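Here is a friendly walk through one structure, from its sheets to its helices and pockets. Please keep the sequence and the 3D view at hand while you read.

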Amino acid sequence: MTKVFIDGSAGTTGLRIYERLESRKDTRLLKLSEEKRKDKNARKEALNSADIAFLCLPDDAARESVSLCENENTVIIDTSTAHRTAENFVYGFPELSAEQKAKIALSKRIAVPGCHASGFISLIYPLTENGIIEKSALLSCFSVTGYSGGGKKMIAEYEGENRDILLSSPRQYGIGQTHKHLPEMKKVCGLKKAPIFCPIVAPYYSGMEVTVSLFGDCVHGGSTAIKEVYRDYYKKGLVHFEDNSESFLSAAELSGFDDMQITVCGNEERILLVSRFDNLGKGASGSAVQNINIALGTEETHGLNLKYK
């Protein structure tokens, strides 16, 4: 039985991972008491005793946890931003390629992708890899997300009895164009410049919709070529291409699920690429569990709730 430690199990992502693993028969969770949860020595012992350790921590704390782990056999799966562009960590998005999935299976250091970044990369990586758009393309992306992605504090703010009236409408943030997901969006897709990125948090619990807009004259082969690439690229894994004729696309369409739907909208002059998923699912804990499944060599979808089966 695989011993698993969740460092930061009290946070939103940590709690969701815990819930997914506690009933599994192939894992045993190593737990710390409330008093020892932040004790450095207790965490160090747990990290080095675990076969797999999840880091559900702020960036600096995640870096500290990596330094505390001296057991070369412990697999670390980091859900923070700290190591997503680090050379010694494998980026945990197995749908990038069969080679990427193989790297995850063999790695002792795995970085779980950011939620917004997952949507952007699912749309752009196959296109840059196949020459449909140039890596020098200047891109713009906006993303609508439920408030649960902000963690316990934001959830409490949105669900409190005396909720601020400003929380009743969508709010754009990251307006300084320094959002922490930008480096991985640029690096993983091989872009020469990071996209303009406009994230928006809205007053609903979970679900995410990431949209990238393209002018048709910047796309080699137009929307038809994009659809062909997506159909061929996403035959396996948790990302699914769908031809979609809906007039409205709800950001909560995949709330509660762990897979992802991508679609192509618009026309040949102005093309919209849309990725929809749960920010707590494929955008966080669901992706983390997908990675532990690959690391363990079990069925990739084990313990996941799928819309597309």
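Seven strands form an open sheet with mixed pairing, in the order β8-β9-β7-β10-β13-β12-β11. Strands (E, at least two residues) and helices (H or I, at least four) are DSSP runs, numbered from the N terminus, and two strands pair if DSSP finds at least two bridges between them. At the edges stand β8 (171-172) and β11 (239-241), each with a single partner strand, so one side of each is left without a neighbour in the sheet. Two bridges join β8 to β9 (residues 196-202), and these strands run antiparallel. Gln172 stands opposite Ile200 in β9.

A word on the source: this is a predicted model, in which local features need pLDDT of at least 70 and side-chain atom pairs count only at pLDDT 80 or more, while totals for chains, interfaces and linings use all residues. Residues are numbered from 1 along each chain as its sequence is written, and side-chain values use heavy atoms, with hydrogens and water left out.

There is also an open sheet of six strands with parallel pairing, ordered β2-β1-β3-β4-β6-β5. Its edges are β2 (27-30) and β5 (90-91); each has a single partner strand, so one side of each lacks a neighbour in the sheet. β5 is joined by two bridges to β6 (residues 109-111), and the two run parallel. Look for Val90, whose bridge partner in β6 is Ile110.

Helix α9 lies across β1 (2-7), β2, β3 (52-55), β4 (75-78) and β6, and runs at about 160 degrees to β3. Angles run from 0 to 180 degrees between N-to-C directions, and axes are lines fitted to C-alpha atoms, for helices over the stretch in contact.

How do α4 and α9 pack, and at what angle? Helix α4 (residues 98-106) and helix α9 (residues 281-296) meet at about 75 degrees, with their axes 7 Å apart. They are therefore roughly perpendicular to each other, a term for angles of 65 to 115 degrees. Lys101, Ile104 and Ala105 of α4 make the contact with Asn291, Ile294 and Ala295 of α9, where contact means heavy atoms within 4.5 Å.

Now for the open spaces. A pocket is an open set of points on a 1 Å grid over the protein atoms alone, where a 1.4 Å probe fits, with protein on both sides within 12 Å along at least five of seven lines; lining residues have an atom within 4 Å of a point. A volume is the space filled by probe spheres set on the points.

| Largest | about 1,100 Å³ | Thr13, Leu57, Gly149, Gly151, Lys180 |

For the second largest pocket, α4 and α8 (222-233) give two or more residues to the lining.

Definitions and conventions
Parallel < 35°, antiparallel > 145°, perpendicular 65-115°, else oblique.
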